[in-house]
Amino acid sequence: MNKNFSARFLAPLSALVPTVAAIAAVATAIAIAWCAVFVGTAPASASTASASTASASTAIRSTDDLTQIVDGAERVVRGEAVTIDAGHIDMGPKLVDGKWELLIRDDTAQPAVWRQPKDVVIRVVDQAMMPAPAGEKYAFLPTQAGQKVYVVPQVQAANVVWIGWNTQDPAIASSLDRGANLRLLGVRGAGELALFLQDGAFGDPLPMWDSRKQEPQDVWMEANTHVHANWVFTQAGAYTAAIQVVGKDKDQKEHTAAATLHFAVGDAVTDEAARQAPEPDVAASAAADSAAADTASSGRNGESSGGESNAGGSNAGGSNAGLFSSPIAWGVAIAAGVGVLVLIGVLIVAYRKNVRLRREALAAAAEEEIR
């Protein structure tokens, strides 16, 4: 009886070993396959979707991601007029002679340098045109679905300028208390400007700036981060955008710096037209800006007064929209979850089967004793 029972009860358990191993291998393969697909097509960060996500995915994605190292010794160049129509640039605070300055870090120069925004024309070429995405979730855009707009995508596109922001100047990163707000004070131009972030190909867009709004609009930047989003210009022409950075250091002392960005949107717009474009009228928003400064710069609950939730990330890359904000993280999490669920299911089935086999073995033993 004992030998018969052991054979019938333990054999199924032994058979489970290769089954469980096979399940683990399948789950691992799913995770690796998911990572292989997304690593080759998007940066390892939350900032992975271009503005074309819904209907016109024409942006050429590069292998360049959001990982960068900012050297504290990088030069500040003043008075050198440049036009940047392709490659990587960031705006952000830099500590110069003990004071914050809002500068543009020009990564198209080697080595990278920091420039005064008034010296830089950011050119958005005709090649950046694409149809505005369709769908209710894009209703916030100041344009109609399918209308051609100029897009600086969240993911780098070949031959198109790539505009981001960072808080990675070492002196800034080490002294910031949590982070700072990048504040839009106003926009002036031929059309409208919208800025939004999108988390992956299937994430909902997160509006950040809208030139139609009169009040200051904030984007919260975690300390020591580097982020890119989608910039949408509705028409060709010269644009200016007045921006400000507001933050507190670890001693709770508030720091601010302001600048005006100059955009030449469309190949036909001259550099001179962009340089001479009138600045936004921010006088009307000054009072609201002052009243909102303390609340916004504190980044309460990881949010800014403009409603943006934690559009920061790690030093190695993009937005900290959530723990599972990247496709890789989602892939690993999903694969692990599926593997665990399947394993639990197999164990439950095996347990029920063993209970049934045990009952059959006991019944058989009882019959043998009666005989």
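**Strands, helices and surface**

Reader: Could we start with strand 15: which residue there is the bridge partner of Val151?
Author: The bridge partner of Val151 in strand 15 is Val232. Please keep in mind throughout that this is a predicted model.

Reader: How many bridges join strand 8 to strand 15, and in which sense do they run?
Author: Strand 8 and strand 15 (residues 230-233) run antiparallel and are joined by 3 bridges. Strand 8 is also joined to strand 7 (residues 129-131), again by 3 bridges and in an antiparallel arrangement. In that pairing, Pro131 has Lys148 of strand 8 as its bridge partner.

Reader: Is strand 8 mostly covered or mostly uncovered?
Author: Strand 8, which spans residues 148-152, is mostly covered, as 4 of its 5 residues are buried.

Reader: Thank you. What is the order of the strands in the open sheet?
Author: The open sheet is formed by 6 strands in the order 1-5-4-3-9-14, and their pairing is mixed. Its edge strands are strand 1 (76-77) and strand 14 (226-228), each of which pairs on one side only.

Reader: Which strand pairs with strand 14, then?
Author: Strand 9 (residues 161-166) does, in the antiparallel sense and over 3 bridges. One of the residue pairs there is Trp165 with Val227, its bridge partner in strand 14.

Reader: Why does Val76 count as partly exposed?
Author: Its relative accessible area is 26%. Val76 is partly exposed because that value falls between the cut-offs of under 20% for buried and over 50% for exposed.

Reader: Let me change topic to the helices. Where does Ser175 lie?
Author: Ser175 lies in helix 2, which covers residues 170-175. With a relative accessible area of 25%, Ser175 is partly exposed.

Reader: What does Ser175 touch, leaving aside neighbours within four places in sequence?
Author: Ser175 is in contact with Asp249 and Lys250. From C-alpha to C-alpha, Ser175 and Lys250 are 6.0 Å apart in space, while in sequence they are 75 residues apart.

Reader: I would also like to ask about the surface. Which residues make the nonpolar patch?
Author: Leu341, Ile344 and Ile348 make a nonpolar surface patch of about 290 Å². Ile348 belongs to helix 5 (residues 327-370). Since its relative accessibility is 40%, Ile348 counts as partly exposed.

Reader: Finally, how many helices and strands does the protein have?
Author: The protein has 5 helices and 17 strands. It has 371 residues, of which 48% count as buried.

Reader: What share of the contacts with a separation of 6 or more comes from residues 24 or more positions apart?
Author: Residues 24 or more positions apart account for 74% of those contacts.

How values were computed
Residues numbered from 1 in each chain as written. Predicted model: local features only at pLDDT ≥ 70, side-chain atom pairs only at ≥ 80, totals over all residues. Heavy atoms only, no water. Patch = residues over 30% accessible without salt bridge, like charges linked within 9 Å, V, L, I, M, F, W, Y side chains within 5 Å. Areas by Shrake-Rupley, 256 points an atom, 1.4 Å probe, with all protein chains shown as cover. Salt bridge = Lys/Arg side-chain N within 4 Å of Asp/Glu carboxyl O. Helix = DSSP H or I, 4+ residues; strand = E, 2+ residues; numbered from the N terminus. Buried < 20%, exposed > 50% of the residue type's maximum accessible area, 1.4 Å probe, protein only. Contact = heavy atoms within 4.5 Å. Pairing = 2+ DSSP bridges.
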